[in-house]
Amino acid sequence: MNDRMTYNGHTGRFAPCGRISRGARVFAALRMTGALRMTGAALLAAVCLAGCGKNEVLSGGESDIPMQFSAYSAGKAGMHGQAGYNGAAATKADASFVGPGETSLPANSTFGVFAFYQEGTVGSGTPATWSASRTPDYMFDQGVDFDGTTYSYSPLRYWPANEENTISFWAYYPYSAYSSDNSGALKFYEDASCTSAYTASSTGLPVVEYTVDHDPANQKDIMFAALQQDKTYYNTTDGIVPFTFRHALALVDFVLAEGTKAQITSFNVSDLYWKGTCGNPGASPLVWTDQTSTGNFSIADVTLSGSSTIARLIMMPQTLQASAELSISYDIHFASYDPSHPEDIVYAGNSGSALLSTAGITEWQPGKHYVYNISAGFERIEFESAVATDWTIGNDDITVN
């Protein structure tokens, strides 16, 4: 039985009024869970659209059980790089950022969901299964809001009443990174050549193209969830679809080493790839290809000193080019001990550079955390002195090394 209806230009499945299935199960509202299945969330009333009564369901189609979601990140990313990372807080990153060790999406954030309805033969006992020919017309880029405790979305969608009719789900984060007209940095295509935009009638998961913002303050923490295949109310926990989001990009921190007397005034990393394509965003691990367009990533007017994060980049995974180089400008500060002149003595306008390859890291992988410790400044000036042991008249030998 095909009971599809159209909503906002996309095909969905809703329970019309006045049709009640005999023997259909009526369930209580589903509990929404927070990150890592947080408890204490509100219960939502199970309601139908278009003024239908609470207990009205579609025979052979939907129950009155709304779909709900839970989401959490995959946990602490592996840290690669030199020893000595001091755990300094991020100084640059879009509000979407989920840092190392954090296992929850930020409060007041939104992720996007695509759902693929899979119609089986009711009564056959054989549930429909996922295939790359499925289309995301049940939910197309449905935004799901997380307020820090609960998840919500509108309009509600409902679980099929029969186990033979299944739904597969895929999700991405953050919702703000993608727009259906492909005008954003995150683009979805239906073809590997990235020429045709992904639509509700496209088949399978999208091919993803992403362009990293050159301003580190605006870089987004792109994450994808694994495909949740062949779901029904009966093979989930209380009808909740769980998503585990995995970081799609590499996290790269540049940290000023402990004790460094320099104060960084500008920062630049050159010859990095900033654009790439992912053919299967539901896979783990992710594979990015076609990295193109090398560019520079700069921060001006950095005013950080010893034991601080200079810059945090959320970057396209890549094999580093031999020419990839870090360059900085910095001031050298010496503390003044003269009460009449308490301000530091500053030697301004210094600069330095180093190839990233000197750190021994050749590749930035998705979901990995890399830390570069930077030392800049003058070597400390020290003195030793010696005085002749026998001070006699006429003996004025003093040596200084």
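Buried means under 20% relative accessible area. The legends below describe close-ups of a predicted model.

**View 1. Phenylalanine 140 stacks with tyrosine 198.** The structure holds 26 aromatic pairs. In one of them, phenylalanine 140 and tyrosine 198 are stacked, 6.1 Å centre to centre, with 25 degrees between the planes. The pair joins distant parts of the chain, 58 residues apart. Phenylalanine 140 sits in strand E7 (residues 139–146). Tyrosine 198 lies in the loop between strand E11 (186–189) and strand E12 (207–211). Phenylalanine 140 has 12% relative accessibility, so it counts as buried. Tyrosine 198, at 2%, is buried too.

**View 2. Tryptophan 364 meets tyrosine 372 edge-to-face.** The ring centres of tryptophan 364 and tyrosine 372 are 6.5 Å apart. Their planes stand at 70 degrees, so the pair is edge-to-face. Tryptophan 364 counts as buried because its relative accessibility is 0%. Tyrosine 372 is likewise buried, at 5%.

**View 3. An aromatic cluster includes Phe140 and Tyr198.**

**View 4. Arginine 157 contacts the backbone of tyrosine 138.** Arginine 157 is found in the loop between strand E8 (151–152) and strand E9 (158–160). Its relative accessible area is 7%, so arginine 157 is buried. The arginine 157 side chain reaches the backbone oxygen of tyrosine 138 at 3.2 Å.

Notes:
Residues are numbered from 1 along each chain as its sequence is written. This is a predicted model: local features need pLDDT of at least 70, side-chain atom pairs count only at pLDDT 80 or more; totals for chains, interfaces and linings use all residues. Side-chain values use heavy atoms; hydrogens and water are left out. Helices (H or I, at least four residues) and strands (E, at least two) are DSSP runs, numbered from the N terminus. Buried means under 20% relative accessible area, exposed over 50%, partly exposed in between (1.4 Å probe, protein chains only). A polar contact is a pair of N or O atoms within 3.5 Å; within protein, one must be able to donate a hydrogen and the other to accept it, and residues adjacent in sequence count only if both atoms are side-chain atoms. Rings of Phe, Tyr and Trp (its six-membered ring) pair if their centres lie within 6.5 Å; planes under 30 degrees apart count as stacked, over 60 as edge-to-face and the rest as tilted.
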